[in-house]
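Colleague: I would like to go through the sheet and the chain contact with you. Please show the structure, and then I will ask.

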Amino acid sequence: MQALLNQLGISLRLHARNKMALLYSYLFPTIFLVAFWVLYRFEQVPLVRHVGELLTVTALGGACFGLPTTMVSERERGVWRRYRLTPVSTATLVAGTVIARYLLLVIAGLLQLVLAMALGMPVPGHPFELFLAFTCVAFAFIGLGLVIAMMADNVPAVQALGQCIFLPMLIIGGVAVPLASLPDWAQRLSAFFPGRYAVEALQACVTGNGLGAAGFSVLALVLIGAAGCLAGAKMFRWDAEQRFSATPGKAWVAVALAAWVAVGVLAESQDRKPKVPGTLAAKVPGTLAEVPGTLVQPAPPPVTTAPIQNPNPVPEPAPAEIPSDTSKVPSPTPSKPTTATEAPSAPEPPSRSTATPGTSPPASWRDVTMADIERDLIFTRLPPDSGVVTPIAPLGEEPDENTAAQLDKMRLALTDWKPGKVADPVQRVRNFLFVAAVPDVFQMQDLERFVPMVVYERIQDDIPKDDLIKILYWIATHPFDGDDKAVDELRPLGLFSGPADMEQTRGRLSVYAVKLLGRITGKIVPE
Amino acid sequence: MYVVSGFSRTCQNEPMPPKVIVQNLKKRYDGVEAARGVSFEIRDGEIFGLIGPNGAGKTTTVECVIGLREPDEGVIEVCGIDARRRPREVKERIGAALQTTALQDKITPREALTLFGAFYRQKAEPAALLERFALLEKADAPFDTLSGGQRQRLALALAFVNKPELVFLDEPTAGLDPLSRRELHGEIAKMKDDGHTVLFTTHYLIEAEALCDRIAIIDRGCIVATGTPRELIARSSAATTVYLATVQRLEREWLEQIPGVEGLSCEGTSARFRSASVRTTVAEVMKQLEIRGIEIAELRVSKATLEDVFLEITGREG
């Protein structure tokens, strides 16, 4: 025990004295985070949505490069050989090194979280479970790091091997590039990489329903970590002179890899859809294709509305380069961290529907007719319900236990919800729709797909059908009207308070308005 | 008196079992037999030198004994413990300094001694070791700022961190400057005075001759000679060399006839030969010179050194 504590203490102290190691462990993750924030500062990409990926990259870097680099360089210079002259056991030394690395990872993770919160990220939904998830992630990657340390004969080999795992995991493993934007084969392949499970488990504890909702990911991480640690122990080498190719236990690499394959096959057999919708590189601002303009039918004569209309059918997770819609174009000025309450001051999109010559748009929601709906709305161009933007769970699908419980609470809370009692029916419906739009913006896994139907039930109970049709049309075509104070009153419903980007939120709200309008009028028949 | 003292010595030695027993040690790697049946014993309290040319199997032998390598065959007993079956017990009682001891760049001598001390049941005070090995002023300096001599002294200090009964030093003086080497010789002599048993390997034969109580010469994976330095020299046919220079010319014929003269080389007024019985041979040479009226310019008798023995046995330079 004394040996373990001493070894642990020395490992930590030496780490603190090693500038390169500090750079890798702490500066890189910080730069990563700050870069993310700087890049998307004006786009209001919710950082909270990407914490899983950032933490995964941190853990991966520290465990895949930091740990084996330390171990291999110590072995190369003969430190481990010198240790071997003492009666201390291999297990003690390795445990000291591994625990030290785990603590370093936890510190780096905490640093990243604190910094993220300083940049405006809300407190993670399940902090303690996040800690547990991070521990599982660290365990999985440390196992991986041990295998690399035993396979690599020297430090350059660590870099080479590490990159072989790091880069594919980032690109096609669901860590840095959104799974949804990858081709099908890559999505399937990602099931065989631990990175994806790491992101899922961590993100579930930040914006999702906690670890309970990420059981498979936790299992996958623990399995991969255990196999890595076992293989690392079996292949342990004291001496740099002993090459990996001459190590008797080298076949144990197969055991470590077998865990990846087993997890992948298991995932495939369960046909697990990637749970992580958008990720670092691509879940960028442009996801705004959903802003209402696209849904509004171009009127027969050339549209004279001020803003350019996005001619594309609503793409799924829109890549960043798609021109943002109207409401974004005129406002690239950096000084605009729109807070929820300021949002309505944005340009006035309603002008677009009023300026259509030839047909006279309704002057008030009470005047809306079916003809208006037929003319102005395109139900076939909506983002798919199974997509990332404005998802709605299919009718038959049951939420998991946690989600179901949360939804029940929400149903109950909605009956007493203050913004659901305001006198103006349009504002009331608008408020209810915010309840669906906010989880979508935050991409709260599971929940975001089920809330819309809860809201749908609620507004159908609340507003007569004919009025509801008119109101939904009105909201779809006037997304920037009314106030949005309701987004700051979501806590009683078990949701985070509103996202900073109200344009995006209002955009989602109008898409949901169309989707629900389609359902109530029978224009959309859900599967 | 002689008989009594001899007897009492035997009595003292008998109950003390050897500190190290190695029998028929064999180790082969990559098709090369590094040790081909090495056997030797180290007695309690002695300084034992293992010498041999590079690649003779010195390091392999030592590494097997201290538990760094698993031998293919053979018996190794250290401090009465079967080292192959209970290597950890053995490691508790021995200290070792390898040819090169490299530690982490940023670890300090004090930290290293504390860390390594924590690995043992019995431990020496780091401060005492720092003082003993003249490392106090560098006690808190990172390892990468230490000189070669300081690193070597730290390696020795680490070998003593568990108050060992037995110390293994593998080429401790290799690569050191003459001053550091002399300091180290002093340290090794002190170890013996403190009652430690020491095994060290070297290829500096003068060092071995000066420091060791007993020496084993290893060559091509086998021990080829064991004994005190004096015994080895006496046993050697290299014997003593005689150099002779005269005023008048010397003739090879009569010199060759003198009993005991071996390996004669003779040219003009000088000659050189070896003899196993110098006194009688030289007396005979003097007599013959007297008879022939040859005056001596110089006569020098030079004792064989360990190096001569070594060269004779191994046929190579150390």
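Colleague: In which sense do β3(B) and β9(B) pair, and over how many bridges?

Modeller: This is a predicted model. One pair of residues that stand opposite each other is B:G49 and B:I215, the latter in β9(B). β3(B) and β9(B) pair in the parallel sense, over 4 bridges.

Colleague: Which residue of β8(B) is the bridge partner of B:G49?

Modeller: β3 (residues 47-51) of chain B also pairs with β8 (residues 197-202) of chain B, in the parallel sense and over 5 bridges. In β8(B), the bridge partner of B:G49 is B:F200.

Colleague: Which strands stand at the edges of the sheet, and why is one side of each left without a neighbour?

Modeller: The sheet is open, has 6 strands with mixed pairing, and runs in the order β6-β7-β8-β3-β9-β10 (chain B). From one strand to the next the twist averages 15 degrees. One side of each edge strand has no neighbour in the sheet because each has a single partner strand; the two are β6 (94-97) and β10 (222-227) of chain B.

Colleague: What angle does the direction of helix α6 of chain B make with that of β6(B)?

Modeller: Helix α6 (residues 148-159) of chain B packs on the sheet, where it touches β6 and β7 (166-170) of chain B. Its direction and that of β6(B) make an angle of about 165 degrees.

Colleague: Which residue in the turn between β9(B) and β10(B) has a positive phi?

Modeller: β9(B) and β10(B) pair in the antiparallel sense over 5 bridges, and B:I217 has B:A225 in β10(B) as its bridge partner. The two strands form a hairpin with 2 residues between them. The turn residue with a positive phi, about 50 degrees, is B:R220.

Colleague: How many residues of β9 of chain B are buried?

Modeller: A residue counts as buried if 20 or more other C-beta atoms lie within 10 Å of its own. Strand β9 (residues 214-219) of chain B is mostly covered, and of its 6 residues the number buried is 5.

Colleague: Which element gives the largest share of the side of chain B that touches chain A?

Modeller: The contact takes 19 residues from chain A and 21 residues from chain B. On the chain B side, α3 (87-93) and α4 (109-117) each supply at least two residues. By class, that side has 12 nonpolar, 4 polar and 5 charged residues. The largest share, 4 residues, comes from α4(B).

Notes. Residues are numbered from 1 along each chain as its sequence is written. Chains are lettered from A and ligands numbered from 1 in the order in which they are written. This is a predicted model: local features need pLDDT of at least 70, side-chain atom pairs count only at pLDDT 80 or more; totals for chains, interfaces and linings use all residues. Two residues are in contact if their C-beta atoms, placed from the backbone, lie within 7 Å. Ala, Val, Leu, Ile, Met, Phe, Trp, Tyr, Cys and Pro count as nonpolar, Asp, Glu, Lys and Arg as charged, and the others, Gly among them, as polar. Two strands pair if DSSP finds at least two bridges between them. Axes are lines fitted to C-alpha atoms, for helices over the stretch in contact, and angles run from 0 to 180 degrees between N-to-C directions. A residue is buried if 20 or more other C-beta atoms lie within 10 Å of its own, exposed if 12 or fewer, and partly exposed in between; C-beta atoms are placed from the backbone.
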